[in-house]
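Subject: Structure handover and notes

Hello,

Please find the structure below, followed by notes on what was found in it.

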Amino acid sequence: MILIRSVVAAFIASACALSGAAPTRVGTAACKMCHKVQFESWNASAHAKLKPVLDCEACHGPGSEYKAVKVMKDPAAAKKAGLIMPDKAQCATCHGKKKVSPMTDAMFAKVHAHKKA
Ligand code: HEC
Ligand code: HEC
Ligand code: HEC
């Protein structure tokens, strides 16, 4: 009985972990509501003109589980809910390949142009 219960508990735990691990996209307009500055700088960038578009969630991960303000205000919780803070390796999946300019520290710092304004 104890064994069955712990198997059931393990199953529920893994089911929860799975549902938490599969966030869905909410769209750039949803991010814009709270991140207008980042939205404007992104909207003026080359990334916004790519096909397919490289939007907020293409870099930061799909937002359905982290977009709630309570989660967003807690970086650890946001990360657990799927928020990604991209590193240079993630940029290098495009930058430095084909005709895309190589990733440098200076370029990395300019990912949100408002920071350098
Ligand atoms: C309801 C408001 C709200 C929405 C919607 C929202 N955010 Fe946030 N976000 C916040 C708040 C508040 C913070 C905490 C830091 C701050 O004040 O900017 C934050 C922080 C962040 C951070 C920085 C995290 C860190 O560890 O430094 C990123 C990246 C981010 N949000 C991306 C997004 C993306 C992408 C979306 C859309 C999918 C989104 N947010 C939607 C309110 C929101
Ligand atoms: C090309 C990938 C990329 C895209 C697209 C992108 N971001 Fe970011 N974002 C980053 C990186 C990288 C950082 C961390 C920058 C740093 O460490 O200086 C960041 C940081 C942030 C932060 C933390 C505060 C700040 O200003 O640095 C917020 C909030 C944020 N992004 C929101 C957004 C939203 C909203 C969108 C869409 C409108 C978006 N990002 C699009 C890569 C991206
Ligand atoms: C899906 C491919 C792709 C990814 C991933 C990507 N970029 Fe880009 N990025 C481009 C393309 C294409 C251009 C425009 C051509 C060029 O500059 O070589 C560009 C341009 C830029 C520019 C020039 C300024 C502008 O107009 O936006 C910066 C800065 C930049 N990227 C930073 C980053 C950073 C930092 C990351 C990772 C967090 C990143 N990019 C991830 C494809 C990508």
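Helices (H or I, at least four residues) and strands (E, at least two) are DSSP runs, numbered from the N terminus. This is a predicted model, in which local features need pLDDT of at least 70, side-chain atom pairs count only at pLDDT 80 or more, and totals for chains, interfaces and linings use all residues. Residues are numbered from 1 along each chain as its sequence is written, while chains are lettered from A and ligands numbered from 1 in the order in which they are written.

Overall picture

The chain has eight helices and zero strands, and along the sequence the pattern is α-α-α-α-α-α-α-α. Of its 117 residues, 12% are buried. Here a residue is buried if 20 or more other C-beta atoms lie within 10 Å of its own, exposed if 12 or fewer, and partly exposed in between, with C-beta atoms placed from the backbone. Two residues are in contact if their C-beta atoms, placed from the backbone, lie within 7 Å. Among contacts between residues at least 6 apart in sequence, 46% join residues at least 24 apart.

Confidence

pLDDT is the predictor's confidence in each residue, from 0 to 100. The chain averages a pLDDT of 85, and 79% of the residues score at least 70. Over residues 1-18 the pLDDT is below 50, and this stretch has zero contacts in the model beyond near neighbours in sequence. Where pLDDT is low, the predicted coordinates should not be read in detail.

A residue is taken as near a ligand if its C-beta atom, placed from the backbone, lies within 6 Å of the molecule. For the residue classes, Ala, Val, Leu, Ile, Met, Phe, Trp, Tyr, Cys and Pro count as nonpolar, Asp, Glu, Lys and Arg as charged, and the others, Gly among them, as polar.

Ligand 1 has 17 residues around it, and C31, C34, C56, G63 and M72 come nearest. Two or more residues of this shell come from each of α2, α4, α5 (69-72) and α6 (75-80). The largest share, three residues, is that of α4. By class, the shell around ligand 1 holds eleven nonpolar, three polar and three charged residues.

Ligand 2 also has 17 residues around it, with C31, H35, W42, C56 and C59 nearest. The elements giving two or more residues to this shell are α2 (28-32), α3 (36-43) and α4 (56-60). Ten residues of the shell around ligand 2 are nonpolar, six are polar and one is charged.

Ligand 3 is surrounded by 18 residues, of which S45, A46, C91, C94 and V111 are the closest. Helices α7 and α8 are the elements that give two or more residues to its shell. That shell has eleven nonpolar, six polar and one charged residues.

Individual residues

C56 is found in helix α4 and counts as buried because 24 C-beta neighbours lie inside 10 Å. Not counting residues up to four places away in sequence, C56 touches T28, C31 and W42. The C-alpha atoms of C56 and K32, 24 residues apart along the chain, are separated by 9.4 Å.

S41 lies in helix α3 and is partly exposed, with 19 other C-beta atoms within 10 Å. S41 and V111 are 70 residues apart along the chain, and their C-alpha atoms are separated by 8.8 Å.

The loop between α3 and α4 contains P52. The peptide bond joining K51 and P52 is cis, with omega about -5 degrees.

Two residues in the loop between α7 (88-91) and α8 (105-109) deserve a note: K98 and P102. Phi of K98 is near 45 degrees, a positive value in a residue other than glycine. K98 is exposed, with 6 other C-beta atoms within 10 Å. P102 counts as exposed too, having 10 C-beta neighbours inside 10 Å. Leaving aside neighbours within four places in sequence, P102 is in contact with H95 and G96. The C-alpha atoms of P102 and A92, ten residues apart along the chain, are separated by 7.4 Å.

Regards
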